[in-house]
Amino acid sequence: MREIVASVQHITKRFGSETVLRDVSMELEQRKIHGIIGRNGSGKTVLMKCICGFLRPTSGTVTVLGKTVGTDCDFAPDTGMLIETPGFLPHETGLHNLLWLARLGKGASKAHVMSLLETVGLDAALRKPVSQYSLGMRQRLGIAQALLDDPALLILDEPMNGLDKSGVRSIRELLLSLSAQGKTILLASHFAQDMDELCDTVCEMDQGVLTMVRDGHASACGTGERGASASLPIQTG
């Protein structure tokens, strides 16, 4: 039996006269990695912000773990997220940044934080302030932050951004491991290889319209405007 962790139903989002999401629907099944591919500015990030609760859709509903976001709760419950550039205290170390965030969350232990830093490959930079981090290191720290409270749902916007080949490989292995452990992941990327190697389902976002590309369940994603696509989009960035 399919267990749906998050459901997006007929979302439209407008900013003034500009429509950035057009009648978008999708379902995120538990223990799977769900991919959205599309060019920058296509609407991927806006959709993720609506799912998390950072933006309210103009119409339509978002339900996460049985709660309607914006009605039953302000933000998606039991959800870790990395959207756009993560913000950290620049003069603190990555360890201290995560410890501060742990106090604001579920109180993750120092041992757990240290384990996360090792998992994302930052254990060698424990004494380095975030101001000295490269873009790839900041991205790794953002992934560790998303995992801090051991969420059931992970929403990751371009998590490979700034990573070298070794970093991309290690983060891909981490995401596959997390999925095998039972976590549900929504991943946005403009790289087709991420979709090929990681994702159980793939949708394409283009000018606010979401189209199914690959999925075992025909209802997993789509819009009221376009039908299914049979091939994976090429790399666009």
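Which residues in α2 meet which residues in α3? The points below start there.

1. **α2 against α3.** L95, L98 and L99 in α2 meet K110, V113, M114 and L117 in α3. Contact here means heavy atoms within 4.5 Å. The helices and strands are DSSP runs (helices H or I, at least four residues; strands E, at least two), numbered from the N terminus. The model is predicted: local features need pLDDT of at least 70, side-chain atom pairs count only at pLDDT 80 or more, and totals for chains, interfaces and linings use all residues. Residues are numbered from 1 along each chain as its sequence is written, and side-chain values use heavy atoms, with hydrogens and water left out.

2. **Geometry of that pair.** The axes of α2 and α3 are 10 Å apart, and the packing angle is about 130°. That makes α2 oblique to α3. Axes are lines fitted to C-alpha atoms, for helices over the stretch in contact, and angles run from 0 to 180 degrees between N-to-C directions. Angles under 35 degrees count as roughly parallel, over 145 as roughly antiparallel, 65 to 115 as roughly perpendicular, and the rest as oblique. The crossing of α2 past α3 is right-handed. A crossing is right-handed if the near helix is turned clockwise from the far one by less than a right angle, and left-handed if anticlockwise. The residues of this contact divide into six nonpolar, no polar and one charged. Ala, Val, Leu, Ile, Met, Phe, Trp, Tyr, Cys and Pro count as nonpolar, Asp, Glu, Lys and Arg as charged, and the others, Gly among them, as polar.

3. **α2 against α4.** Helix α2 (residues 94–104) and helix α4 (residues 135–146) have axes that come within 11 Å and cross at roughly 25°. That makes α2 roughly parallel to α4. This crossing, too, is right-handed. From α2, the contact uses G94, L98 and L101; from α4, it uses L141, A144 and Q145.

4. **The buried side of α2.** Which residues of α2 are buried? They are G94, L95, N97, L98, L99 and A102. Buried means under 20% relative accessible area, exposed over 50%, and partly exposed in between (1.4 Å probe, protein chains only). The cover over these residues includes α3 and α4. L98 takes part in the contact with α3 and in the contact with α4.

5. **The largest nonpolar core.** This core has 41 residues, and L141, L156, L175 and I185 touch the most other members. At least two residues come from each of β3 (33–37), α2, α3 (110–119), α4, β7 (153–157), α5 (165–180), β8 (184–189) and α6 (192–198). A nonpolar core is a set of buried Ala, Val, Leu, Ile, Met, Phe, Trp, Tyr and Cys residues joined through side-chain atoms within 4.5 Å. A second, separate core has 30 residues, among them A6, L47, V69 and L186.

6. L141 is found in helix α4. L141 counts as buried because its relative accessibility is 0%. Beyond four places in sequence, L141 touches F88, G94, L98, L117, L122, V130 and Y133. L156, with neighbours within four places set aside, is in contact with M48, L82, A146, L175, I185, L186, L187 and A188.

7. **I51.** Helix α1 (residues 44–52) holds I51. At 0% relative accessibility, I51 counts as buried. Not counting residues up to four places away, I51 touches V8, V62, V64, V69, A76, I155 and L186. Two of these contacts, V69 and L186, are named in the second core.

8. **Positive phi.** L65 has phi near 50°, a positive value in a residue other than glycine. L65 sits in the loop between β4 (59–64) and β5 (67–68). L65 counts as partly exposed, at 37% relative accessibility. D150 also has phi near 50°, and D150 is not glycine either. Its loop runs between α4 and β7.

9. R2 is placed in the segment before β1 (4–15). R2 is partly exposed, with a relative accessible area of 30%. R2 and L178 are 176 residues apart along the chain, and their C-alpha atoms are separated by 19 Å.
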